[in-house]
Amino acid sequence: FMIGNQFTQFIVPVISKHEGQGISSTKAFYKLLSLTTFFSLTGFIVLGLFGDVTVPFLFGEKTLPIVKYLPMFTIAMVMQVVIQSVVSFHQSKNNHFFPVVSFLISSMSLAWIFVYHDNIASIVNVMYYSSLLTLVLVLILHLFEKKLRVLFSNIKDLIGLVEKVPNLNNTDQSERLKILI
C-alpha cells in the first residue's frame, strides 16, 4: 500500500501541468497508474501471496494468527491504491463526481464494519468487497465517462422539457388585468 502510493502523489501536479498547457494528460496518467499498480501488486505478492513466510520473518511469530487474512487484505489495499489514483486523476481535471462516489462507498464501508465486526475475518471481508465495489464503479465511470456525460446531459435536458415553466412576470394577476383594461 505504501509502496504503490509513492506514485499517486505525482498525479495531481503532473495532470494539472498537462491540463494547464493544453496537452492531453491521459498518457501521463496511464504511466503513473501503471507504476502505481506494478508496485502495489509487488507488495501484494510479497506480503499477500507469500505473507505466510515474509510477514512472520519480518514481524515475528505473533503475526501468525493474521497470516491467513493477508491475501484478501493486501489485494483490497491494491484496489484502494488504484481507486485513489483514478479519483485523483479526475479530480485534477475538475471532475468531482469520482471523489463523491468514492466517499459514499467509503461511508458505506464504515457502516458495514460497524455492523459486521464480529472478528478479523468479517472486517477483512468488508474491506475487500467494498474495495471491489468501489473499483468496479470507478473503473466503469472512468472508461465510460464521456458517454455518461452525454447521457446525464440528455437526462437533464429532458427534465428541463417537462418542468413547469416559471412565471417570469412577478406581478399579481389582478394587477395584470388592470393593466390590460
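Biologist: In which hand does α2 pass α3?
Modeller: The crossing of α2 past α3 is right-handed. A crossing is right-handed if the near helix is turned clockwise from the far one by less than a right angle, and left-handed if anticlockwise. Helices are DSSP runs of H or I with at least four residues, strands are runs of E with at least two, and both are numbered from the N terminus.

Biologist: Before we go on, where does the model come from, and how are residues numbered?
Modeller: This is a predicted model, in which local features need pLDDT of at least 70 and side-chain atom pairs count only at pLDDT 80 or more, while totals for chains, interfaces and linings use all residues. Residues are numbered from 1 along each chain as its sequence is written, and side-chain values use heavy atoms, with hydrogens and water left out.

Biologist: Back to the two helices. At what angle do the axes of α2 and α3 cross?
Modeller: Helix α2 (residues 11-21) and helix α3 (residues 26-49) cross at roughly 165 degrees, and their axes come within 9 Å. Axes are lines fitted to C-alpha atoms, for helices over the stretch in contact, and angles between N-to-C directions run from 0 to 180 degrees. The two helices, α2 and α3, are therefore roughly antiparallel to each other. Angles over 145 degrees count as roughly antiparallel, under 35 as roughly parallel, 65 to 115 as roughly perpendicular and the rest as oblique.

Biologist: Which residues meet there?
Modeller: From α2, the residues are I11, V14, I15 and H18, and they meet A28, F29 and L32 of α3. By class, this contact of α2 with α3 has six nonpolar residues, one polar residue and no charged ones. Ala, Val, Leu, Ile, Met, Phe, Trp, Tyr, Cys and Pro count as nonpolar, Asp, Glu, Lys and Arg as charged, and the others, Gly among them, as polar. Contact means heavy atoms within 4.5 Å.

Biologist: And how do α6 and α7 pack?
Modeller: Helix α6 (residues 97-115) and helix α7 (residues 120-143) pack at an angle of about 165 degrees, with their axes 10 Å apart. That makes α6 roughly antiparallel to α7. The crossing of α6 past α7 is right-handed. Residues that make the contact include F97, F98, V101 and W112 of α6 and I123, V126, M127 and L133 of α7. By class, the contact of α6 with α7 has 14 nonpolar, five polar and no charged residues.

Biologist: Is T8 buried or exposed?
Modeller: T8 is buried, with a relative accessible area of 7%. This residue, T8, lies in helix α1 (residues 2-8). Not counting residues up to four places away in sequence, T8 touches T36, V81, Q84 and S85.

Biologist: What about G43, in which helix does it lie?
Modeller: G43 lies in helix α3 and is buried, at a relative accessible area of 18%. The C-alpha atoms of G43 and G4 are separated by 7.9 Å, although the two are 39 residues apart along the chain.

Biologist: New topic: how many aromatic pairs are there?
Modeller: The structure holds six aromatic pairs. One of them is F38 with F39, which is edge-to-face, at 5.1 Å centre to centre and 80 degrees between the planes. Rings of Phe, Tyr and Trp (its six-membered ring) pair if their centres lie within 6.5 Å; planes under 30 degrees apart count as stacked, over 60 as edge-to-face and the rest as tilted. F38 is exposed, with a relative accessible area of 51%, whereas F39 is partly exposed at 29%.

Biologist: Which residues form a cluster with those two?
Modeller: F7, F38 and F39 form one aromatic cluster.

Note on methods
Buried < 20%, exposed > 50% of the residue type's maximum accessible area, 1.4 Å probe, protein only.
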